[in-house]
Amino acid sequence: MKIVVTVKQVPDPNATQGLESDNTIARDREVVLDPGDEYGIEEGLVLKEAQGGEVILVSMGPERARDAIRKGLSMGADRGILITDEQLAGADALLTAKALAAAIKAESPDLVICATESYDGSTGMVPPMLAELLDMPQLTTAKQVEVSGSKVTIHRQTEDGYQVVEAETPALVTVTAGIAEPRYASLKGIMAARSKEVKQVGLSDLGIEKGEAAETVLAVNDAEARQAGEVVEDDGSVGVEKIMAVLQTAKVV
Amino acid sequence: MDFQLTDEQAAVRELCRDFAREVVAPAAEKLDREHEFPYDIVRRMGEMGLFGLPFGEQYGGAGGDFLAYCLAVEEIARADAGVGITLEAAVSLGAAPIHDFGTEEQKSELLPDLLAGRRLWAFGLTEPEAGSDAGATRTRAELSGTEWVINGAKQFITNSGTRISAGVTITALTGPREISAILVPAGSPGYHILEPYRKLGWHSSDTHPLAFDGCRVPEANLLGKRGGGYGQFLHTLTGGRIAIGAHSVGLAQACLDAALAYAQERKAFGKAITQFQAVQFKLADMAMEIELARTLVWRAATGYMRAPESSGEVRKLAAMAKLYASETAKRCADQAVQIHGGYGFIEDYPVARYWRDVKINEIGEGTSEVQRMLIAREIGAG
């Protein structure tokens, strides 16, 4: 089975975040493999270990995004493709999806695994666009994935349980953080990653024209400050009922 | 000159940083409080390959270099100094002498388990009355038939008494002014691992006094040349000191991390205390000294990689790195507690633990005074 996992390098979630003047995310700081992508890589590796095959990491980003691919390779993925092009700086979701689709199409994978959204941009739009561009069925927010023959079945996370969804491969699956605990790379994995291939391609290699941006971020506003909480005075009789009523209204119980 | 890490070194650092932050740090407070040895963390570090990091693949090592190993020690110590020293002692003092001086039989018998972290090996140099003055060693080993008969005692021996401790390399007098190294497997008759110490810090590490009471091991357990013990442990301690330098940098960084985070949150006179120059200057000095200490450790480590026979220049750099980094860590721990004020004196915050943990860095693997003696000797004074 040939599995493509899309990965992205993002600003380190453990460091302070910032925006450029044009509301794109500042990337002049410590960057890491998107923690959300580690779940996708882990699931890809689990499927490969069970059924054989190959895990290919595909990323779009500046040249240093190679480090994010390397990390996935040291976890055990087989090879990587880095789409890098100056014209892609600040690319919106559609252009990103087009570039990824072109690189992935050339591999004809059985399964494409994405995180549900990136840690930094968090639009969540790239995986559905990618599925459309690849003409694949999309199975989203999976907390479990099984592949049997040419069928992929997922448990789709919902608010109060899960749905079982099935499709023919090739298909695209987005996975949640609950799917599998990502492994730590081993030192041997790090050393082995040295000799694994990371192919670098540009827009012209993929036959893509940049074109007009489909979306522009007009403004980024701070979230509203949290309102003061509701104070329940307990007179010794109805305090608990009042608190329960508040919690039920808020749908937390 | 280029201070860039290689891809592999950077990857080792990132891996260890993630593992330390996600697995080691959350366990540290309990390990410290309950004086507990972290078997599960050690097993996982072993599976990742950390115990075999700077060794070749022949005996199961990862084929990394010495600087990558120092980066690993720094990151683990940043989360828990006791776990950091468990790794450092297992690699620099346990496995390295066997790797560097062992026979083929000794290496193929012992190293696979040690480099995988399944077993730990200890190094017994210090004695009750021979610390800095290692020449004053009194433990004796005499050949009786085809066995060494060992009598004496060793003091403050890390990794000697865990459930996975496999043995200890000791230094012993095998003749007049003749010091040799001998491998003593756990369970050898007459080898006694005594009750663990009640330590000021490093509570998650394992430390015992050892007694040898007519202890018998095969003649073939001699490590390296008979009479070569002194030269061998000087070599072992050179690498060990650089690694302790890295350990100290990790501890110092932990102090800065904690102090900065606290200072950004803590308010006094209506604003965060990071707005006060008195606090800013402390933090700036900590950051600068940590960077200096780290640079010196990297320089010593790259020197050691080029000249593992430990030239005078490398011995000097190793002493400087160990000395400067440990004293930096001590100052950083002091300032981190100071910035925390009264909260620094109670165990609700990690800086009290850092303060207790750091003192031994100025003592173990050569005191600050011994490092200054070595540096003075290497620059031609005395």
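A: Happy to! One term to start with: buried area is the accessible area, taken with a 1.4 Å probe, that two parts lose on being put together, summed over both. Also keep in mind that this is a predicted model.

Q: Okay, how is chain B divided?
A: Chain B is split into domain 1 (7–120), domain 2 (121–223) and domain 3 (229–378).

Q: How much area do domain 2 and domain 3 of chain B bury between them?

A: About 1,100 Å² is buried between domain 2 and domain 3 of chain B, with 70% of it on carbon and sulfur atoms.

Q: And which residues of domain 2 of chain B lose the most area to domain 3 of chain B?
A: Those are Ile179(B), Leu200(B) and Trp202(B), which together make up 48% of what the domain 2 side buries.

Q: How many salt bridges does the rule find across that interface?
A: The rule finds 0 salt bridges between domain 2 of chain B and domain 3 of chain B.

Q: Switching to helices: at what angle do the axes of α8 and α10 of chain B cross?
A: They cross at roughly 145°, and the axes come within 9 Å. Helix α8 covers residues 312–340 of chain B, and helix α10 covers residues 368–378.

Q: Left-handed or right-handed?
A: The crossing of α8(B) and α10(B) is left-handed.

Q: Which residues make the contact?
A: From α8(B) they include Arg315(B), Ala319(B) and Leu323(B), and from α10(B) they include Gln371(B), Leu374(B) and Ile375(B). Sorted by type, the residues of this contact of α8(B) with α10(B) are 5 nonpolar, 4 polar and 6 charged.

How values were computed:
Residues numbered from 1 in each chain as written. Chains lettered and ligands numbered in written order. Predicted model: local features only at pLDDT ≥ 70, side-chain atom pairs only at ≥ 80, totals over all residues. Heavy atoms only, no water. Axes fitted to C-alpha atoms, helices over the stretch in contact; angles between N-to-C directions. Helix = DSSP H or I, 4+ residues; strand = E, 2+ residues; numbered from the N terminus. Left-handed = near helix turned anticlockwise from the far one by under 90°. Contact = heavy atoms within 4.5 Å. Nonpolar A, V, L, I, M, F, W, Y, C, P; charged D, E, K, R; others polar. Domains from an automatic or database assignment. Salt bridge = Lys/Arg side-chain N within 4 Å of Asp/Glu carboxyl O.
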